[in-house]
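Dear colleague,

Please find below the structure I promised to pass on to you. My notes on what was found in it follow directly after.

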Amino acid sequence: MPYNENTIQRIREILQQKGADFYEKAMFGGICFMVDDKMLCACKIEKATGEDRLMCRLSPEDAEEAVKQDDVSPMDFTGKSMKGYVYVEAGAFATTKQLNYWLQLCLEFNPLAKASKRK
């Protein structure tokens with residue numbers, strides 16, 4: 001599974017600093033961070049570009065605003081956009097401040113997010 005271990009460690013550190021109770025799960029071709037059994041975010045290396053990419057689960061309103069930024073696009077993992085999910089390119093989370101911003105948005109939405117049905 002291709003992912004940037006440095007980015008994974010940065011995410012771990014920020015979530016620990018925020019006191020988030022999280023665990024990691026292999027998903028979406030990378031590592032997914034789960035909070036309250038709901039996807040918070042995921043990190044992987046994009047095959048086509050070889051670039052680090054963050055997938056964030058945001059409120060629909062935050063996602064709508066986020067995609068207005070240059071390094072953010074709607075998530076289209078299945079070929080159609082998924083409401084509230086965005087891809088964030090490496091340039092938009094290069095600094096700790098930037099990564100913290102994205103993780104905070106994810107954490108704010110997490111209590112409102114629906115959990116996936118267990119199979």
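This is a predicted model: local features need pLDDT of at least 70, side-chain atom pairs count only at pLDDT 80 or more; totals for chains, interfaces and linings use all residues.

Arg10 itself belongs to helix α1, which spans residues 5-17. Beyond its neighbours within four places in sequence, Arg10 is in contact with Phe93, Ala94, Thr95, Thr96 and Leu99.

Although Arg10 is buried, it has no salt bridge. Asp52 is the nearest side chain of opposite charge, at 5.8 Å, whereas a salt bridge would require a side-chain nitrogen within 4 Å of a carboxyl oxygen.

Turning to the strands, the model contains an open sheet of 6 strands with antiparallel pairing, in the order β1-β2-β3-β4-β6-β5. The edges are taken by β1 (22-27) and β5 (72-74); each has a single partner strand, so one side of each is left without a neighbour in the sheet. On average, neighbouring strands of this sheet are turned by 25° against each other, direction ignored.

Within the sheet, β3 (residues 38-45) and β4 (residues 52-57) run antiparallel and are joined by 5 bridges. Lys44 has Arg53 in β4 as its bridge partner.

Finally, helix α3, residues 96-109, lies across β2 (30-35), β3, β4, β5 and β6 (85-89). Its direction is at about 25° to β4.

With kind regards

How values were computed
Residues are numbered from 1 along each chain as its sequence is written. Side-chain values use heavy atoms; hydrogens and water are left out. Helices (H or I, at least four residues) and strands (E, at least two) are DSSP runs, numbered from the N terminus. Buried means under 20% relative accessible area, exposed over 50%, partly exposed in between (1.4 Å probe, protein chains only). Lys and Arg count as positive and Asp and Glu as negative; His and the chain ends are not counted. Contact means heavy atoms within 4.5 Å. Two strands pair if DSSP finds at least two bridges between them. Axes are lines fitted to C-alpha atoms, for helices over the stretch in contact, and angles run from 0 to 180 degrees between N-to-C directions.
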